Amino acid sequence: GTGQAGSKRKFGEGSTPFDRADKHKQHKPEVKSAPAQPRPAPTVPKSEKGQKIQELLRQKMAKSKVLKGPAEAAAEIVAAQPAPASSANSCVKLASSEGGAGTARSADEDARRDADVTVVLGKVATGKVSSNWQALKKDLKKEKRLEKKGKKGGSADAAASTSHTPGSYLPSQLELINSVGPLAVDCEMVGVGDGGHRSVLARVSIVDAHGDTIMDTFVAPQEKVTDYRTRVSGVRPQDLKGAAGFEEVQNLVSIATKNKVLIGHSLQHDLKALMLTHEKKLVRDTAKYRPYQNAAKKPRKLRDLAAELLGMQIQSGEHSSVEDARATLLLYKLASTAWEKELSAKAAKLEGRRDKRAKKQPRD
């Protein structure tokens, strides 16, 4: 009996299955797991390089015209790029292991390079300028550049074609033959006869495909002028004194436009004043191009088309034939792809009709 009681006491002193499990847990060594590394925040890194990038961005974006604040815009642009965060961490490790002035210089250079790329991307993201304005700015910048080149001793032809006084540039035949088409032409007229109701040529201007003036001259009228129409034409009596003769100007215009696409607005009036004709397939009249007409299929004013489609203000006072010619050139360039495609389709359709007629005719 005593042995059983002792065994019971030994069993009750911690020999139950539950006690043995607790005792096993106490003696089992605990395996400590490594603490989880915090994920890098998607914001601007707080490293040396990251701070330099952020500071450079603040300086650069403060100079550019951005609607948001410089710090806010810089933070958004840097956060949008995944590369700087990893490169910044690697840069910190490199600085801690090697150290020295060379590492600091490389960090500065990398920060500047990253900031430059980021600013460029920011400019692209702000939106593109319309192609109309780009073409106009390009033409104006080229004209100014050629003017400076002429003043600094550049080519005489470039200087004469850009820095001449209005209505005083009469080129040689060789210059006109070598001009780059398509060409845009515009004329100014004065009135002759009773009441000045009949129009005659007083000034003609031609620009090439780049918008450069290749001809701009006043023309001496063959009849007595009774109405100079200065308010619109900009022509005054002194402008026509000693001006080039009509036949000389007519010959030069014919040489310049031969076998080239000719652009104008209501071009039939200009050709009538010049007493010239031009191949129909080479005529591009912005007054007759359907998308440039109103709902009633009537021509719109060149001034309204230029303001609406090009953002140009022309003909606000006295007209400039050079300015009007450039406006028609830009209007043509704006729609040239669709315009030429439409003309090609019409030509192919007409050719198909001719072939059908030729097949129907009996052979002898």
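**View 1. The buried side of helix H12.** The cover over the buried residues of H12 includes S2, strand S3 (198-207), H11, strand S6 (262-264) and S7, where contact means heavy atoms within 4.5 Å, and where helices (H or I, at least four residues) and strands (E, at least two) are DSSP runs numbered from the N terminus. This is a predicted model, in which local features need pLDDT of at least 70 and side-chain atom pairs count only at pLDDT 80 or more, whereas totals for chains, interfaces and linings use all residues. Residues are numbered from 1 along each chain as its sequence is written, and side-chain values use heavy atoms, with hydrogens and water left out. The buried residues of H12 are Leu 267, Asp 270, Leu 271, Ala 273 and Leu 274, buried being under 20% relative accessible area, exposed over 50% and partly exposed in between (1.4 Å probe, protein chains only). Because these residues cover an arc of only 160 degrees around the axis, they lie on the same side of H12; the arc is that of the directions from the helix axis to the C-beta atoms. Met 275, which follows H12, has a positive phi, near 55 degrees.

**View 2. The largest cavity.** Searching the whole structure gives one cavity of 30 Å³ or more, and the volume of the largest cavity is about 30 Å³. On a 1 Å grid over the protein atoms alone, a cavity is a set of points where a 1.4 Å probe fits but cannot get out, a pocket is an open set with protein on both sides within 12 Å along at least five of seven lines, and lining residues have an atom within 4 Å of a point. Val 185, Val 253, Thr 257, Leu 262, Leu 271, Leu 274 and Leu 276 line the largest cavity, to which helix H11 (246-257) and helix H12 (267-274) are the elements that give two or more lining residues. This lining divides into six nonpolar residues, one polar and no charged.

**View 3. The largest pocket.** The largest pocket, with a volume of about 670 Å³, is lined by 19 residues, of which Lys 280, Val 283, Arg 284, Trp 339 and Leu 343 are the closest to its centre. At least two lining residues come from each of H12, strand S7 (283-285) and H14, and H14 gives the most, with seven. By class, the lining of the largest pocket holds eight nonpolar, two polar and nine charged residues.

**View 4. The second largest pocket.** About 550 Å³ of space lies in this pocket, and Cys 187, Glu 188, Val 232, Gln 315 and His 319 are the closest to its centre among its 17 lining residues. Strand S2 (183-192), helix H10 (230-233), H12 and H13 each give two or more residues to the lining of the second largest pocket, with S2 giving the most, four residues.

**View 5. Gln 315 in its loop.** Gln 315 is located in the loop between helix H13 (302-310) and helix H14 (321-360), and counts as buried because its relative accessibility is 17%. The side chains of Gln 315 and Asp 324 are joined by a polar contact of 3.1 Å (a pair of N or O atoms within 3.5 Å; within protein, one must be able to donate a hydrogen and the other to accept it, and residues adjacent in sequence count only if both atoms are side-chain atoms). Apart from neighbours within four places in sequence, Gln 315 is in contact with Leu 302, Arg 303, Glu 323 and Asp 324.

Key:
Grid points are joined across faces, edges and corners, and a volume is the space filled by probe spheres set on the points. Ala, Val, Leu, Ile, Met, Phe, Trp, Tyr, Cys and Pro count as nonpolar, Asp, Glu, Lys and Arg as charged, and the others, Gly among them, as polar.
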